[in-house]
Every structure is written in C-alpha cells, then in structure tokens.
Amino acid sequence: MHGRTGSRRSLRVGFRQLAGARLAAAAALCAAAGLLSAASAQVAAPPASSETARSQYLEVHFPAGQRPLAERLLREGERALQLYARYLDQRLPRERLRCFLYATEAEYQAAEAARTGGIFKTNLAFTHAATSEVHMVIQPRLERLAGTGPGMLEGLFAHELAHALQYRVFPSYDEFPDWLSEGMAELFAERALGDSRHCAAQVPWFGVRVHEVLEALDEGRFVPVERLLTEGLVEQDPALRDLKYGEAWALCRFLDDPVNGEQTRFRDFVLEVARMPRGGRPLVEQARERFLALWPDVIRLERRLIAYLRELAPQCPPWQVPGRELRLLPDGGLVCESFPGNAMMALSTAPRRLGGVARIEAEVMIAPLGHRQADVFFAYRGPLDAYKVAFGAGNPPFVTLMRNQGGRWQSLRNENLPPGTLQPEQPVRITIDIDVARVAVRVGERPVLRYTAEASAIGGGRWGIGCYDGRAIFRQVSGRSY
Ligand SMILES: [Zn+2]
C-alpha cells in the first residue's frame, strides 16, 4: 500500500493544459512506486549552460541569464532553512543542499527520468531521496512583476527545500507517512513565504487549498482523516492527489496553529516520528498508532479541523487555480501567468456559480509577452464542458468566443478589432453579458461580439479568468447573476 517512492514531490502544478485543444491526460504517476529504488538513481550532470550561485547552506544551479532569480531564491531559501531547522530542532547540514533550476520542462523531465524514472514527470519539481537534491522548472519563466506577492515558484522552492533538509537530517524520512511529510513541507513553505507566519490569506498558492478541501467536503469527496493517516498520497487521479495534499497541509496547519492549543503536542509528535525505530514495524503504522494515542477522538478532531477551515476560507483570496499561477498585486489586482504554451485558469469561489443570465466585468491589461491573450471563462461545468471569451492583443487584436466540449476548444465566433482597441499594457474595461442563449461582449463602450446559440441555452456554471502563454492582469473583477 504505502509504496516507497524514493523521493518527495510537489503536485498541483497545472496538469491540465486548458487552452489548447488538449487536456493533458493528467499524471503518468505510477501506482507501483515501490518498484523504484532510490539507490538505482543515475545522477545526470547538470545542463552545460548552467551557472552556480552559493550561500552558506545552499547551492543553486540555474540557466544562463537567471542569476538575479537564483540569488533571490538563495536568500529566501536560507531564511526558510533556518526556520525549518529551528522547528525540527536540527543543525543545518554543513554540506550545502543543492537545487537545480531548469529553463524548460524537457530539461526537467530529463533530469527527473535519470533519477526517478518518470514518476514525477508531470510535477515540475521534486526532491531526490538519495542526494537530497531539489530539481525544478522555472515556471512561469519570466521576471516577477514588481509588487506581486510570492507564488508557485517560491512556494514550490520552499516546499522542496523542506523535503531536502529532512532527507539530509532524518535517516528515516523516506519512510514517514505521506500526510506528515507532504503536509509539513507545505506548512513549512507557507510559513517561509509568510515570513514565519501563515500566509494563505494573502497567497493564492496556499489559499486555494482551503477552498478545495471545503469543496470536497461539500461534494462528498473529502478523505476522512483516519484514512489519510495510513494511505499514501500517490494517486492516479490528480484531483484526488491534490485533495490529499490539501488535507494533509490543512491537518498539519490546524494542529500547529497556536489558536487550536495543540501546537506543542503536535511538534513533539513530529520529532517523535523522526526518532521512531526502523527495521521493525513500518513507520507509517507506528506513527498512526502514536497519533491515535495523542488524538483518540479522530471524529472530533475532524470537526474541529473543518470549523477551522470554514473560518479561514473567507479570508483567503476567492479563487481556485486548477493550473499554473495566480498572484496578487497590492491593490487587489490579480496577475495571471502561464508559460510557455500553457493555459492558466482561476475559478471564482465568490460567487462560485453564475446562472444562465449573468454579467461578468473586469479591467484587463495584457502584457506584451508570449501570446498576449487574456481569457474569461463562464458556464464552466468541468474541464470538458465550458465557454470562454479570449481577448487577444495581437495584430489585429481579436475577441473569440470559444466552447470546450469533451476537452476540445472550438471557436464559435471570432471578431477582429480595429487597431488600437486592445493594446499591450493598456487597461481596458470588458463586459460579457450572458442572456440564456446569447453572449454579448463589449470592450470599453464598444460592442465587439454577439453570438446566439442555436440549439439550446448556454446555461449556468462556474466562472473565472485566465490567460494563455503569457501574462494578464485583472482588476475589479465581478460576476453577477440576474
Ligand atoms: Zn512534496
């Protein structure tokens, strides 16, 4: 059951390529992870183009031209490691932890295949058990926009460093229960990004987890805590895997949050697991037994956990991000990013759904990068059934209404716009009216697209924003039903 994977990894990194015609068959994760042995790892040399930057406890290998990014990650990584080491009551290892950043997914996949045989191919980041090395793609691969909060890149880096350090200091780390190692790695990352405090209320990368766990609860997909304690987190179904990661993080965060009065007991438990004897009963079993001795009433614990999340949810940014990157600007603006050749999508949680008569409004600014396209989604009933309006700042600029049926996006109507209507770096007000079977789009005051569905009404569903292969900034986004 609890297949030893020989490496820890980060998930939730946009398995779905929503914009192209494809929905990537998510996750070629191998359920028989135990087949892989850490010792069999063939360690490939870093790509020839890579440069190196070092700090006291870290060494980052990065592609040419990424020195400012690498140095920033070094600084943040040092602070993160200090934080983790203090919590774990460990000295930081003298030998530097190594992190390899890749410019492309192909380079990452080559490095991953050499070490773990494709098991973490879709993750874009993993930590190698035998060497404690972190490998990850720089994505989105561009300079951070000034003023935006931390996001996926920083979140993944901090998460993987938590694994890397523990592989180095705890000989039994690879045998830890998944919920504990992944939940703690994400908890550590959240603290590292929040300057030692929780930051899910400011950073969508973490806030998303709260919304997803509660949504699963309401839809009957929540994995009971008692099961989480013994089950692995490696799942064929990426949604279930993601949910388990979210629940694992939520459980650790709940137990470790001083407001819940369990913090000391929980930290002692974590350190106790690290000292449990190896070679006899599996660590997962020993840890479970100890957990149930400390918190015998799991049902009550679960209730308290849910109440905690319910209280947290309204403070978190009201967006779920199925893939890629959403960051916040100080003025509340939303930065959508996806590179390269990928779509990004954020679905609103407030209100979660719009009815069949609705209006979506936003101010949009498209960056002069990549494909220069901003997307607004509506009547979203899943990744295989949705509509979107794509705004392109191309030459000529365009507006396209698209429908996704069975995973394929098809254009229902495309209108080219007069030059100057949509220009990179120029904010424009967009309005989308959905009236049962009709869609009407305005850019500023100008009506630019009108479409009437012939066969049936468009219907209601979830709604959201996003972009394709580039960067778009949304401000004052609202969705209303009538
Ligand atoms: Zn992980």
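Here is a walk through this structure, starting with the whole chain and then stopping at a few of its parts. Keep in mind that what you're looking at is a predicted model.

Let's start with the big picture. The protein chain has ten helices and 19 strands. It is made of 482 residues, and 48% of them count as buried. Now think about which residues touch each other. If you take the contacts between residues at least 6 apart in sequence, 69% of them join residues at least 24 apart.

Next, find strand β2, residues 51–54, and strand β3, residues 58–62. These two run antiparallel and are joined by four bridges. For one example of how they line up, look at Thr52, whose bridge partner in β3 is His61. To get from β2 to β3, the chain goes through a hairpin of three residues.

Strand β5 covers residues 125–128, and both of its faces are covered. On one side sit Ala125 and Thr127, on the other Phe126 and His128, and all four of these are buried. The partner of β5 is strand β6, residues 133–137; the two run antiparallel, with four bridges between them. Across from Phe126 you'll see His135 of β6. Four residues lie between the strands in this hairpin, and Ser132 there takes a positive phi near 60 degrees.

Now for a helix. α5 has 15 residues and reaches 21 Å from its first C-alpha to its last, close to the 21 Å expected at 1.5 Å a residue. Which residues of α5 are buried? They are Pro204, Trp205, Phe206, Gly207, Val208, Arg209, Val210, His211, Glu212 and Val213. What covers them includes the helices α3, α4, α7 and α10, along with the strands β7 and β8. After α5 comes Gly220, with a positive phi near 80 degrees.

One of those covering helices, α7, deserves a stop of its own. When two helices pack, they're described by the angle between their axes and the distance between the axes. For α5 (residues 204–218) and α7 (residues 238–256), the axes come within 9 Å and cross at roughly 110 degrees. An angle of 65 to 115 degrees counts as roughly perpendicular, so that is how α5 and α7 sit relative to each other. On the α5 side, the contact is made by Arg209, Glu212, Val213 and Ala216; α7 brings Asp242, Leu243, Gly246, Glu247, Trp249 and Ala250. Sort the residues of this contact by type and you get five nonpolar, one polar and four charged.

Note on methods. Residues are numbered from 1 along each chain as its sequence is written. This is a predicted model: local features need pLDDT of at least 70, side-chain atom pairs count only at pLDDT 80 or more; totals for chains, interfaces and linings use all residues. Two strands pair if DSSP finds at least two bridges between them. Axes are lines fitted to C-alpha atoms, for helices over the stretch in contact, and angles run from 0 to 180 degrees between N-to-C directions. Angles under 35 degrees count as roughly parallel, over 145 as roughly antiparallel, 65 to 115 as roughly perpendicular and the rest as oblique. Two residues are in contact if their C-beta atoms, placed from the backbone, lie within 7 Å. Ala, Val, Leu, Ile, Met, Phe, Trp, Tyr, Cys and Pro count as nonpolar, Asp, Glu, Lys and Arg as charged, and the others, Gly among them, as polar. A residue is buried if 20 or more other C-beta atoms lie within 10 Å of its own, exposed if 12 or fewer, and partly exposed in between; C-beta atoms are placed from the backbone. The expected span of a helix is 1.5 Å times one less than its number of residues.
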